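Me: I would like to go through the terms used for this model and see what each one rests on. Please take them one at a time.

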Amino acid sequence: MSPALPRLALTLGDPNGIGPEIVLQALQAAPQWRSHVTVFGPPDVLAAAAQVLGLQALLGELDVVPVGLMPTGTHRWGAIDAHAGRSAVASATAALQSCQAGHHAAVIAAPHHETAIHQAGIAFSGYPSLVARVCGLSEDQVFLMLVGGGLRIVHVTLHESVATALARLTPELVERATRAGVAACAMLGQSRPPVALFGINPHASEGTLFGPEDAAITVPAAAALRAQGLDLTGPAGADMLLADRAHGLYVAIFHDQGHIPVKLLAPQAASALSIGAGVLLSSVGHGSAMDIAGRGRARPDALLRTLGLFSGLTG
């Protein structure tokens with residue numbers, strides 16, 4: 001017997017993007033989820049997407065929480081707009097709060113558009129920062145983990161310059177990201193995964209040949225994590241560790257170290273999880289695709305994979 005599906009909160013993301021379309025397409029393709037999902041977002045935008053796709057009959061089967069409402073006449077497919085940015089944040093916030101209240105086991109958020117959110121005057125550097133704010137945590141307590149192409153990669157730093165990221169790296173930050181990744185793997189059904197820690201510099205600095213950073217940051221972090229009982233390899237070069245494909249969790253120091261391999265192996269099909277807050281939020285590993293929004297050309301593959309990823313959650 002297959003396990004009971006969890007209750008999930010599913011947001012529309014940026015209403016002007018492809019989020020409303022892929023939400024409907026995914027629930028059309030996976031009818032088993034319809035009674036286990038609550039959609040958070042503007043109902044009129046969901047109805048507009050249903051008309052584009054010819055899925056008006058599906059609307060009557062869905063539980064929709066009307067949040068992130070936009071002023072009349074402001075919804076325009078493909079437009080980068082402050083109203084839409086504000087809506088995406090409001091929908092995700094309400095969904096997270098529903099999880100905190102115990103009504104849902106996790107949030108799946110359709111793609112947002114960072115420029116639209118910034119136009120709304122909202123400080124935002126990706127869903128992990130929003131999760132941290134809603135849960136009352138600092139941003140360095142919530143991390144992004146990409147899942148796709150057979151890889152699970154947690155990122156110690158994310159949307160910032162390499163110089164800024166390097167300046168705030170500490171052994172403790174690397175430890176926190178790693179422990180958050182291990183805990184998320186356990187929630188998704190993989191307890192005690194073998195962990196691989198990427199180095200900061202090529203070849204993890206070859207001692208100090210390529211710089212002192214690994215000796216000061218990733219080496220002591222690795223020693224502390226092993227002392228805590230983790231099965232951890234590294235720090236070592238990301239290229240070598242990825243070539244081995246012998247680990248259940250990889251720890252990337254910078255954005256591109258983790259994003260490039262996952263997106264190479266799972267283009268437009270990865271899941272992006274915000275972890276470390278005790279409330280799981282996942283988006284999809286692609287953007288809001290404003291150039292094709294409202295045309296019925298978007299594909300729900302990544303969203304369907306994310307639903308599958310959460311099928312083993314309890315709640």
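**Terms and their grounds**

Reply: The model is a predicted one.

Me: Why is Ser283 called buried?

Reply: Buried means under 20% relative accessible area. Ser283 has a relative accessible area of 7%, so Ser283 is buried.

Me: What makes the pair of Ser283 and Ala109 a polar contact?

Reply: A polar atom of the Ser283 side chain lies 2.9 Å from the backbone oxygen of Ala109. The cut-off for such a pair of N or O atoms is within 3.5 Å.

Me: Which other residues does Ser283 contact?

Reply: Leaving aside neighbours within four places in sequence, the contacts of Ser283 include Ala110, Pro111, Tyr127, Ser271, Ala272 and Thr306.

Me: How do you know that Asn16 is buried?

Reply: Asn16 has 0% relative accessibility, and the limit for buried is under 20%, so Asn16 counts as buried. Its place is in the loop between β1 (8–11) and α1 (19–29).

Me: What does the side chain of Asn16 reach, and which residues does Asn16 touch?

Reply: The side chain reaches the backbone oxygen of Ala79 at 3.0 Å. Not counting residues up to four places away in sequence, Asn16 touches Met70, His75, Arg76, Trp77, Gly78, Ala79, Asp81, Ala84, Met290 and Ala293.

Me: Why is Asp214 put in the buried class?

Reply: Asp214 is at 0% relative accessibility, and therefore counts as buried. Asp214 lies in helix α9, residues 213–216.

Me: What separates Asp214 from Gly199, and which residues does Asp214 touch?

Reply: Asp214 and Gly199 are 15 residues apart along the chain, and their C-alpha atoms are separated by 6.4 Å. Gly199 is among the residues that Asp214 touches, as are Ile200, Asn201, Ala204, Ser205, Val219, Pro220 and Pro235, not counting residues up to four places away in sequence.

Me: Why are α4 and α6 called oblique?

Reply: Helix α4 (residues 82–100) and helix α6 (residues 127–134) pack at an angle of about 50°, with their axes 10 Å apart. That angle makes α4 oblique to α6, because the range for roughly parallel is under 35 degrees and the range for roughly perpendicular is 65 to 115. The crossing of the two helices is right-handed.

Me: Which residues make the contact of α4 with α6, and how do they divide by class?

Reply: From α4 come Val89, Ala92, Thr93, Leu96, Gln97 and Gln100, and from α6 come Tyr127, Leu130, Val131 and Val134. By class there are 7 nonpolar, 3 polar and no charged residues.

Me: Which residues of helix α12 are buried, and what do they pack against?

Reply: In α12 (residues 255–265) the buried residues are Gln257, Gly258, His259, Pro261 and Val262. They pack against β5 (143–148), β6 (151–155), β7 (195–198), α11 (238–244) and β9 (249–252).

Notes. Residues are numbered from 1 along each chain as its sequence is written. This is a predicted model: local features need pLDDT of at least 70, side-chain atom pairs count only at pLDDT 80 or more; totals for chains, interfaces and linings use all residues. Side-chain values use heavy atoms; hydrogens and water are left out. Helices (H or I, at least four residues) and strands (E, at least two) are DSSP runs, numbered from the N terminus. Buried means under 20% relative accessible area, exposed over 50%, partly exposed in between (1.4 Å probe, protein chains only). A polar contact is a pair of N or O atoms within 3.5 Å; within protein, one must be able to donate a hydrogen and the other to accept it, and residues adjacent in sequence count only if both atoms are side-chain atoms. Contact means heavy atoms within 4.5 Å. Axes are lines fitted to C-alpha atoms, for helices over the stretch in contact, and angles run from 0 to 180 degrees between N-to-C directions. Angles under 35 degrees count as roughly parallel, over 145 as roughly antiparallel, 65 to 115 as roughly perpendicular and the rest as oblique. A crossing is left-handed if the near helix is turned anticlockwise from the far one by less than a right angle, and right-handed if clockwise. Ala, Val, Leu, Ile, Met, Phe, Trp, Tyr, Cys and Pro count as nonpolar, Asp, Glu, Lys and Arg as charged, and the others, Gly among them, as polar.
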